[in-house]
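This report describes a sheet and some charged side-chain pairs. Look at the structure before reading on.

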Amino acid sequence: MLDCGMHMGYNDDRRFPDFSYITRNGRLTDFLDCVIISHFHLDHCGALPYFSEMVGYDGPIYMTHPTQAICPILLEDYRKIAVDKKGEANFFTSQMIKDCMKKVVAVHLHQTVQVDDELEIKAYYAGHVLGAAMFQIKVGSESVVYTGDYNMTPDRHLGAAWIDKCRPNLLITESTYATTIRDSKRCRERDFLKKVHETVERGGKVLIPVFALGRAQELCILLETFWERMNLKAPIYFSTGLTEKANHYYKLFITWTNQKIRKTFVQRNMFEFKHIKAFDRAFTDNPGPMVVFATPGMLHAGQSLQIFRKWAGNEKNMVIMPGYCVQGTVGHKILSGQRKLEMEGRQLEVKMQVEYMSFSAHADAKGIMQLVRQAEPEAVLLVHGEAKKMEFLKQKIEQEFRVSCYMPANGETVTLPTSPSIPVGISLGLLKREMVQGLLPNTKKPRLLHGTLIMKDNNFRLVSSEQALKELGLAEHQLRFTCRVHLHDPRKEQEMALRVYSHLKSILKDHCVQHLPDGSVTVESILVQAAAHSEDPNTKVLLVSWTYQDEELGSYLTSLLKKGLPQAPS
Amino acid sequence: MEAAENWLVESLRLYQDFHAFELLAATRVLEWIGDKGVFVAGYERLKRNEILHLLLPFRLSVKENQGLFPERDFKVRHGGFSDRAVCDLKHVPGTRLLVTSGLPGCSLQVWQVAEDSDIIKAVSTIAVDEGEESLWPRVSVFSSMAPGVLHGVRLSGLRVVDLESQKTTYASGVTDGEELSSLQVLDAHTFAFCCTSGRLGLVDIRHQWAPSENLSPNPRGGRWCAEIKGQGQSPGPSVASLGSEGQLSLLDPRNLDHPVSSVQCPVPTPSPDPELLRVTWAPSLGNCVAISGFDGTVQVYDVTSWDRTGGQVEPLFTHRGHIFLDDHGTDTAPLITTHTWHPRKPRTLLSAASDASLHVWDWVGPGGSC
């Protein structure tokens with residue numbers, strides 16, 4: 001099972017996947033060899049504790065190390081919002097999250113992991129967010145690659161997705177962004193800088209609620225790079241909780257970030273910026289402009305919410321939400337345009353400017369084509385799109401790469417024919433016999449080879465028929481066919497035979513035609529004998545007999561003789 | 001890296017909105033459909049090209065609360081494949097049909113934009129009288145109950161063909177083989193033409209060929225193109241003519257022989273590819289024209305106070321994004337292939353360049369943001 005996400009748009013059962021697609025009656029553990037989680041975004045792992053602890057699954061759950069570290073944090077955050085803020089019942093508990101994570105087996109990039117004696121998986125770098133991976137799933141010579149979410153252009157803290165020419169039978173990829181052409185990273189950054197700049201210039205304060213990792217890092221680097229250039233003096237702060245956590249994770253997962261980050265980190269603390277300082281709660285009330293990065297990211301609790309409450313009433317201020325907010329959070333409310341909020345029994349009027357910016361990096365049409373070009377799959381499967389809006393992309397992929405492209409709807413099963421390659425060992429004797437035939441091997445012209453295929457103990461061997469018979473202790477049987485051709489001819493049998501011999505000799509110039517002392521005629525291994533008809537002396541019966549191997553020649557001879565013999569000159 | 005970052009900081013005060021995209025292939029076409037979508041198409045020879053219908057990022061069409069719309073991407077709403085290079089594309093207003101012209105130039109292609117899927121399908125071709133292999137016919141559309149396609153490579157081959165019946169409803173009937181550079185339908189029975197020599201004319205298709213045109217030969221040389229202001233726009237000379245040596249002339253259609261003003265634009269000359277020259281009138285910004293085709297910039301001029309004295313002028317605004325955004329440096333900087341104004345937003349333009357970049361920019365007018 002690939003990923004186990006939560007649907008952000010629903011509050012009822014529809015927010016979790018319908019696992020009855022896997023089985024209606026049995027235990028999921030019996031139907032699944034393993035579960036693979038591509039990255040920590042809730043739409044890919046949000047239903048995991050529900051799946052493993054409430055529906056029931058005890059098998060292994062594979063994910064990368066950063067994903068393993070970050071998943072539980074996000075799941076717990078999400079659980080808190082759902083239960084504490086929205087009062088949901090029938091939701092997974094903190095203990096369930098812990099129990100679920102106990103089933104996790106973490107993997108490294110490019111490490112081949114044996115799930116069992118048949119199934120193996122391998123993770124590839126996907127960019128997108130820290131720890132995101134694409135997975136190759138292999139059984140024998142057949143394989144599938146699942147991309148999860150990936151990004152083909154590097155950003156300030158992550159590299160670009162990469163995969164080798166692994167030539168899977170099938171590549172499964174997201175098509176949500178397939179029909180978009182992405183605005184450049186520079187322009188998104190520009191928009192962010194512009195908004196911050198404008199607010200600070202008019203004396204306002206900018207609040208940026210962030211999750212500890214990823215975007216915060218990126219935006220800090222951005223501001224740090226441009227602060228001097230833009231000649232800004234206003235202070236930039238980072239809440240300490242953020243720094244510690246982020247540093248901790250980046251230390252753990254330094255190999256997952258891009259080259260630049262790695263270089264910086266080796267030299268100093270990740271968050272030791274020239275212009276960015278640690279935040280103190282007391283600064284919230286300082287006059288004048290400032291920029292603050294604070295957790296949590298959806299304004300649902302903690303420091304970011306506290307700051308928000310103090311700054312919301314001033315229209316000079318701004319809050320920039322860098323990502324999606326789950327329903328029920330203050331973040332979600334203000335992004336929906338709500339300007340009056342109820343908090344702890346009091347009304348809060350939101351006069352500050354609200355900006356929703358998307359920094360998430362997804363592959364677009366171009367990115368998908370790049371990935372398909374890299375992996376060289378035999379077929380492509382697009383998921384999460386609308387069929388009517390993907391016809392063009394399907395044609396593009398099919399025409400450019402000459403592969404089949406599928407776009408199944410939810411609940412639809414796709415069956416792909418594959419041509420597995422089965423290695424067969426050929427016996428030396430058989431090979432030598434073929435070589436003796438004289439013709440040199442020609443890579444452009446396949447030659448037909450006859451042998452017997454012996455399948456024993458998962459081993460395939462091609463040997464000569466004789467050897468096969470010997471090995472199997474069987475005697476060779478021969479099939480012989482006999483045909484009677486009736487011809488009107490008053491002459492004696494011996495004369496008849498002689499005439500048959502002359503006739504055949506003149507026609508079958510390429511074959512060995514012989515007249516034997518007993519009167520019979522042979523053509524290769526075929527025997528022709530003349531006999532008198534039992535009842536009519538003027539009718540002669542030609543007995544044509546041949547082995548199964550000479551079927552073709554035998555049939556030809558028979559039809560030839562049926563036409564009759566030419567009139568011989570006396 | 002430095003130059004790009006410096007320019008980015010500069011851009012904070014130069015532009016209100018700025019979006020930069022990278023298409024799969026460069027386009028010479030930017031044709032609007034309504035005010036929310038544009039068509040682009042590839043122009044590579046001997047290769048399969050794509051025709052795309054792109055929807056502008058939603059936030060550009062939103063009037064209020066723009067900040068709450070994070071999506072900054074183009075959506076590919078429809079796509080199709082063309083075996084030929086596409087040099088021009090015109091949408092037939094009120095229909096789901098498109099007409100394209102390209103190389104080889106012996107016929108035009110008619111396409112249908114599907115309603116129930118995202119495919120643009122070729123439906124028919126229009127044979128071009130006196131078509132030529134290496135010149136593509138200029139195209140403009142008479143939109144009416146029975147749309148007609150005005151097209152031609154030279155004056156002698158100018159025709160109007162009824163889209164449905166494929167019958168020729170108008171022919172210039174002249175033997176003059178001057179090559180055309182622009183064709184523009186002005187209303188139900190008038191169109192304007194501009195030849196590469198700079199010869200301009202206005203034709204009424206209800207009468208036999210008798211254009212009002214500038215007959216005095218153009219002494220300035222070079223290759224020319226022109227555009228006429230739309231109806232209902234600001235008063236003043238309505239014909240703008242651009243030459244490959246950087247000359248920009250403004251003319252009154254009633255007196256094409258005597259330009260109202262003639263100026264020299266500060267651009268590198270001559271244009272490295274005069275076929276890409278383009279001059280456009282701003283639809284909702286009084287008396288502004290934009291030019292491109294000399295380098296990697298688009299220049300906007302306010303022509304209000306221009307008079308006959310001519311001489312040098314300075315642009316109101318120069319868009320340098322195509323040069324600086326990705327650190328090309330001036331050696332390998334791309335060339336602008338086409339540009340167009342947003343039909344509604346006064347200072348928003350779209351520009352495309354030879355490196356497949358496509359920008360949507362909204363520059364800040366004099367006196368701060370609009």
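A:Asp58 is exposed, with a relative accessible area of 51%; exposed means over 50%, buried under 20% and partly exposed in between, for a 1.4 Å probe and protein chains only. A:Lys103 lies in the loop between helix H5 and strand E3 of chain A and A:Asp58 in the loop between helix H3 and strand E2, so the pair ties together parts 45 residues apart in sequence. Helices (H or I, at least four residues) and strands (E, at least two) are DSSP runs, numbered from the N terminus.

## Basis of the values

This is a predicted model, in which local features need pLDDT of at least 70 and side-chain atom pairs pLDDT 80 or more, while totals for chains, interfaces and linings use all residues. Residues are numbered from 1 along each chain as its sequence is written, chains are lettered from A and ligands numbered from 1 in the order in which they are written, and side-chain values use heavy atoms, without hydrogens and water.

## Other salt bridges

Over all chains, the count is 45 salt bridges. In chain B, B:Arg254 and B:Asp252 meet at 2.8 Å, N to O; B:Arg254 is exposed at 75%, whereas B:Asp252 is buried at 18%.

## The sheet

In chain A, 6 strands form an open parallel sheet in the order E12-E11-E13-E10-E14-E17. Strands pair if DSSP finds at least two bridges between them. E12 and E17 of chain A are the edge strands.

Notes:
A salt bridge is a side-chain nitrogen of Lys or Arg within 4 Å of a carboxyl oxygen of Asp or Glu.
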